[in-house]
Amino acid sequence: MAQLDTLDIVVLVVLLAGTVAYFTKGTYWAVQKDPYASSFANGNATKAGKSRNIIEKMEESGKNCVVFYGSQTGTAEDYASRLAKEGSSRFGLKTMTADLEEYDYENLDQFPNDKVAMFVLATYGEGEPTDNAVEFYEFFSGEEISFSEKADEQPLQSLKYVAFGLGNNTYEHYNSMVRNVSKYFDRLGAKRIGTAGEGDDGAGTMEEDFLAWKEPMWLALSDELNLEEREAIYEPVFEVTEKPELSADDDTVYLGEPNKSHLEGQSKGPYNAHNPYIAPISESKELFNDKSRNCLHMEIDVSGSNLSYTTGDHIAVWPTNAGKEVDRFLRITNHLDKRHTVIGVKGLDATAKVPFPSPTTYDAAIRYHMEICAPVSRQFVSQLAQFASTDAIKTEITKMGGDKDYFHEKVASKNFNIAQFLEWVSNGEPWEKVPFSLFIEALNKIQPRYYSISSSSLVSPNKITVTAVVESFEVPGAPHVVKGVTTNYLLALKQKQHGDAHPDPNGLDYAIMGPRNKYDGIHVPVHVRHSNFKLPSDPSKPVIMVGPGTGVAPFRAFVQERAQQAKNGENVGKTLLFFGCRRKSEDFMYEEEWKQWGADLGDNFELITAFSRDGPKKVYVQHKLKERAQEINELLEQKAYFYVCGDAAQMAREVNELMGTIISEKRGVAKSRAEEIVKGMRASNQYQEDVWS
């Protein structure tokens, strides 16, 4: 037998270590002292030492129901948590929630038939999976799926599943995630319990769709698993412990920092949806000449962060709740005097995920982590009845929770957030009996808000521009004006940058200095989300853009980029931009820039404007499109790319319908055929949308 020399041994050891690393995914040596030190900093990649085997995880923790979620903005995750909570409290199920990207799926063919898997799946954009569901979706949509044991045509026969989808009917591929996943599962032999539910954000019925779906689902699941319903009594998921031995000044206490590296003042990348970059705002200005409204132009400096973007991407701004609403919440829940008391929060179950790091304070948790300004849900109202201070309040809340029409009349129509609702229903009397843990469970984790980037990465690779109208609207019959959480936060930053020593837009009182003054110097937490909303790779292709109001944001970037390409000597095709606003004198955004870029592009650029309130009749971009129908059709026949950005419910829907009409009339084809042509354009990315509800 040949002797092994030292080099041979070294090579073998390295190969062995690599093999162990591959098959164990680092299980044996990956020890993590602080769950927030890397899990937030590095995204939701496999957390050190954590098994990706969901069946193993369920067996170890004694669970018989897992609720997976594919979530982009946090709503699907919230619904998953609510299903898990309800399954436990009403039916005695041993439940857990699970992020889709944290587990493997090759072993679902071994899923025990006495357990159930629930899937709450949001559809993102044009029928795409959410970021955390990409690998899951690619696995099940692949042509050749390989499972761990069974190789027959229906390997998932032991899997019992429940499915609910979150979608927007203004998009062509409405709820495609839940529809496709259900189709794949059924084809593989899985047994669906009840119908696959579908919530519609476009119609504004998401919450009621969810509530209407889950009751018959629970009935079907009870029959399938022989469950017995019991009276739902609140059982906390989290333990909240006050820590008098700690002070809010202690450097181990989180005061709003998202993870340990931020707490220690050593923020480092990669920066993403779990780890923001604290970026300086290099420039900000007002775009409207209208004292009753604000529209912000902000340039955010990302140089040195390794954050990169390409034209058409989105920037995520991490908001802070307004001090006015934080104080309201603390007051009505009887925590005002304890706002700076340090608390520890931990899950009472090994699978419970605490949504923010602790120890922290009541104030910090509410200000930086809890979505206290969102409209209160009917399901949460139902949960609050047991904590009412009087029988009269309990009766009223019970009625609201059980009657959707009554709830809409009294609560939803007034756009109450949780603290406003509690104030209103109790006439300002504090709700002392509600456990703080219930608020942590029932309120979403505050989510970043996404804005279409209005700068070109070719022209401005290190500065990202945001164009945002500041949200403020009155609700008929409501005792308050609804203020956008993030846009008013940005307005406060803009005021500070322009010399206001105490910026306080609309009396909202934002803590713009951030935790421990870490945002001093006009900083904002951000990350970048990549988008499929892109210019054609060939700049000679003609483009048609429709962007009224702040829907023009990505088209500012598009035109800026094409103007630079023209200056660089490239052949740039026809560039048409349809822009609409109220009045030329008030809200004609970027008027001088369009002139400059028009000079750079020459005859290949044209800005077509619709000022809806400047004439005797209201004129919108849709009217201008009709006027240019012949040219639009000719450009489309030359394979022009067509883009729409803005309101999904009305403008984008009408533009889509109008495109079918234009093609039908100008090409002499039936309307049904024209609609098929438009669908084909969408499928080939010739027709792209960046829209919102």
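What follows is a short exchange on a predicted model. Local features need pLDDT of at least 70 and side-chain atom pairs pLDDT 80 or more, while totals for chains, interfaces and linings use all residues. Residues are numbered from 1 along each chain as its sequence is written, and side-chain values use heavy atoms, without hydrogens or water.

Biologist: How far apart are the farthest two C-alpha atoms of the "binding site" positions?
Modeller: The unreviewed UniProt entry places this feature at ten listed positions, among them R293, T550, R613 and E654; such annotations may be inferred rather than shown by experiment. The positions span 362 residues in sequence and do not all gather at one spot, because their farthest two C-alpha atoms are apart by 26.2 Å.

Biologist: Is T550 buried or exposed?
Modeller: T550 is in the loop between β19 (543-546) and α17 (553-567), where helices (H or I, at least four residues) and strands (E, at least two) are DSSP runs numbered from the N terminus. Buried means under 20% relative accessible area, exposed over 50%, partly exposed in between (1.4 Å probe, protein chains only). At 18%, T550 is therefore buried.

Biologist: Which residues does R613 contact, leaving aside neighbours within four places in sequence?
Modeller: R613 is in the loop between β21 (605-611) and α20 (621-627) and is partly exposed at 37%. Counting heavy atoms within 4.5 Å as contact, R613 touches R582 and R583.

Biologist: How many residues has the largest nonpolar core?
Modeller: A nonpolar core is a set of buried Ala, Val, Leu, Ile, Met, Phe, Trp, Tyr and Cys residues joined through side-chain atoms within 4.5 Å. F329, M370, F421 and F439 have the most contacts inside the largest one, whose residues number 42.
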